[in-house]
Amino acid sequence: MCKGARLQPSSLSFKIDGKNIAEVSALSLLDLMEWLTNIEGKFSEKNQVIAHEILKEIRTRLQFLLDVGLDYLSLSRSSRTLSGGESQHIPKPVSYTHLR
């Protein structure tokens, strides 16, 4: 069962550092940044090479959201639930691609 995650069990079975995609998406942006910073060192050398640029891009986008004070949001939060002030801090391309 998806346990409210709205994802197939097969999608939830893939984990990185013990967390599936639903658990990672539910982290606050601040906690997500910390988690991303900590996991890169846990990858094999080959996976570090693969993940480095991807993680760098994600951290850059996350840092912007943290810099404008949205550290308490999570990626699983629907953009429709944001207040007017919160949504003004998120550039439209970010809001459409990263927040549902």
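What follows is a short chat about the predicted model shown above.

Q: Hi! What kind of model is this, and how are residues numbered?
A: It's a predicted model, where local features need pLDDT of at least 70 and side-chain atom pairs count only at pLDDT 80 or more, while totals for chains, interfaces and linings use all residues. Residues are numbered from 1 along each chain as its sequence is written, and side-chain values use heavy atoms, with hydrogens and water left out.

Q: Let's look at α4. Which residues does it cover, and where is its kink?
A: Helix α4 takes in residues 45-67. Its kink is about 45° and centred on A51; the bend at a residue is the angle between axes fitted to the seven residues ending there and the seven starting there.

Q: What about the span of α4?
A: At 1.5 Å a residue, its 23 residues should span 33 Å, and the end C-alpha atoms are 31 Å apart, which agrees. The expected span is 1.5 Å times one less than the number of residues.

Q: Which residues of α4 are buried?
A: Those are A51, L55, R59, L62, L65 and L66. L62 has a relative accessible area of 5%, so it counts as buried.

Q: How many residues are in the largest nonpolar core?
A: That core has 16 residues, and L29, L32, W35, L36, L62 and L73 have the most contacts inside it. α3 (29-39) and α4 each supply at least two of its residues, and α3 gives the most, with six. A nonpolar core is a set of buried Ala, Val, Leu, Ile, Met, Phe, Trp, Tyr and Cys residues joined through side-chain atoms within 4.5 Å.

Q: Switching topic: what is phi at D17, and where is that residue found?
A: Phi of D17 is near 50°, a positive value in a residue other than glycine. D17 is found in the loop between α1 (9-13) and α2 (21-26).

Q: How accessible is D17?
A: D17 counts as partly exposed, because its relative accessibility is 40%.

How values were computed. Helix = DSSP H or I, 4+ residues; strand = E, 2+ residues; numbered from the N terminus. Buried < 20%, exposed > 50% of the residue type's maximum accessible area, 1.4 Å probe, protein only.
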